Amino acid sequence: MRIVTSIAALTAVLQLSACENAPWSDRASAQVAAFDQPAAEAPPEKPAIPAAHRMSIQPLSEIADAIAAGEVTSEAMVAAYLDRIERMDRSGPTLQSVLAVNPDALEDARRADAELAAGERRGPLHGVPVLLKDNIETADNMPTTAGALALKDNYAGRDAPLAAGLREAGAIILGKANLSQWANFRSEESISGWSALGGQVRNPHILDRSPCGSSSGSGAAMAASLAAGTVGTETNGSIICPSSMNGVVGFKPTVGLVSQTGIVPISSTQDTAGPMTLTVRDAALMLDAMAEGEGHGFAAGLSDDALEGLRIGVLRFAEGDRPEVSARFDEALAVLSEAGAVLVDIEEWDEANETFWPDAFKVLKAEFRATLNAYLASTGEGVETRTLAEVIAFNETVADVELALFDQDILEASEAEPDLSDEAYQNALANVLSTTRENGIDQLLAEHDVAVLLAPSTAPAFLVDAVHGDQYPGGVGAGWMAAIAGYPHVSVPMGMARGLPVGLSFMGAKGDDAAVLSAGHAYEIRSERRVPPAFVATARARPEVKKAMSPYKAD
């Protein structure tokens with residue numbers, strides 16, 4: 001098959017922006033047609049699209065079923081995704097969302113196919129290609145870098161437990177996703193989605209917009225279907241924000257459900273990995289493999305009727321003041337109500353005492369210093385920076401790359417923090433946990449007699465700005481509550497705002513991961529508001545924006 005040139009692909013995909021209100025399956029078919037058309041000089045008849053290329057934009061669960069049924073091989077799926085990465089990530093729209101490709105992925109896929117032919121299916125993800133954020137260790141011939149030059153030779157030679165769990169379920173590790181360097185805990189002037197090793201990740205919906213972070217590459221790659229599923233990590237919003245802004249599903253589990261071992265850390269209190277996928281069912285399938293222990297049954301436990309009679313607390317205080325977001329939120333509330341949910345408005349909450357935010361930052365800085373020093377001490381001989389202080393000093397020696405866009409003030413502030421035995425840290429930790437747990441999410445659930453809390457996830461994506469850094473408008477969402485508390489949170493697409501995705505957040509109490517996933521799933525199957533990316537260069541390329549920003553002409 002003659003693959004479309006990058007310019008032809010991009011031109012064809014621009015036409016998809018007019019299809020925002022069609023069911024996602026129809027839009028997905030349009031996306032396949034756009035990316036797999038023959039080049040302009042080819043014969044007019046359209047050649048058949050190989051099954052793996054057609055399948056590559058389908059949900060993970062459908063890909064897994066097709067591999068199990070022998071309708072497509074794992075090798076063909078890996079090859080199709082590698083082709084998409086080459087045409088869309090390395091060239092074409094140039095998303096820069098994939099930092100490294102596993103050189104052994106095709107060999108691993110052939111082995112999975114041989115196992116299946118012999119009647120051996122390892123698990124529900126057998127042969128399914130996935131990308132991991134590049135702060136998660138794998139035993140493959142790829143370093144785990146957190147996007148930093150200091151870790152460019154960090155070949156772990158070991159799987160993080162979550163990576164081992166994915167392999168045990170049959171998944172193929174396709175490669176590593178780009179990210180905000182050091183999981184966006186380097187500078188208060190940072191640019192989300194930028195790393196020294198990977199460059200700037202682009203949002204596939206509008207390419208000059210932020211993919212958010214720090215799981216930037218995981219979100220952008222998933223939206224562009226560069227893998228069947230991706231894994232991100234979150235300390236405070238790093239799964240939810242890029243999932244919302246790239247228009248995919250993202251699930252942040254209860255902290256501790258997925259092991260923190262083998263992940264370049266920030267916070268022992270808040271860090272967790274989680275799946276980023278096209279559907280909630282896909283996320284549940286991946287979580288079943290990633291979670292500690294056995295027999296969770298997150299995917300099997302999803303209920304299409306989970307909204308019937310479910311009391312949902314609507315966090316009106318976290319809705320924000322953006323009309324286009326509120327319009328999508330109102331539409332989502334209507335879907336929930338029609339499905340039988342009982343909506344309870346929560347107009348206000350005294351979110352924090354005067355020391356809450358300084359204390360929250362202090363906790364992260366202190367835990368970052370302690371956990372990163374412990375992690376660096378465990379790395380192999382290829383890593384020469386063995387402490388945070390040595391990372392700071394190293395960055396000064398390569399300042400033309402590492403410090404060209406923004407400084408490292410958070411690293412420096414973290415190095416100045418005392419040990420975790422310090423009373424000030426202990427008091428700060430107690431404050432932020434009580435505020436977000438017993439006086440926060442737990443209190444809101446109990447006082448309003450609701451099972452889950454609901455809010456828009458974030459505002460639409462802001463511009464990538466190499467001069468001023470991130471310019472997030474704020475005011476939308478309350479995901480920080482679940483992040484600091486360590487409680488479960490899922491973001492599900494709820495539509496588009498001026499060509500950019502916005503997500504709907506469901507949050508619950510500690511350990512209520514299954515209930516949160518089920519609520520998100522039941523909403524998702526009724527709303528179908530995920531929109532494949534249009535790869536528009538700038539918002540001005542959208543017809544309605546271009547017309548409005550041009551001189552008036554009478555029709």
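How many helices and strands does the protein chain have?

**View 1. The whole protein chain, a predicted model.** The chain has 20 helices and 13 strands (DSSP runs: H or I of at least four residues for helices, E of at least two for strands, numbered from the N terminus). Its radius of gyration, taken over C-alpha atoms, is 22 Å, close to the 24 Å of the globule rule (2.2 Å times the number of residues to the power 0.38) for 555 residues, so the chain is as compact as a globular protein of that length. The C-alpha atoms fill a box of roughly 75 × 60 × 55 Å along the principal axes. Of the 555 residues, 60% count as buried (under 20% relative accessible area, 1.4 Å probe, protein chains only).

**View 2. The largest nonpolar core.** A nonpolar core is a set of buried Ala, Val, Leu, Ile, Met, Phe, Trp, Tyr and Cys residues joined through side-chain atoms within 4.5 Å. Helix H11 (residues 280–290) supplies the largest share, eight residues.

**View 3. The surroundings of Phe506.** Leaving out residues up to four places away in sequence, Phe506 is in contact (heavy atoms within 4.5 Å) with residues including Leu336, Val452, Pro488, His489 and Tyr523.

**Notes.** Residues are numbered from 1 along each chain as its sequence is written, and side-chain values use heavy atoms, without hydrogens and water. In this predicted model, local features need pLDDT of at least 70 and side-chain atom pairs count only at pLDDT 80 or more, while totals for chains, interfaces and linings use all residues.

Note on methods. Buried < 20%, exposed > 50% of the residue type's maximum accessible area, 1.4 Å probe, protein only.
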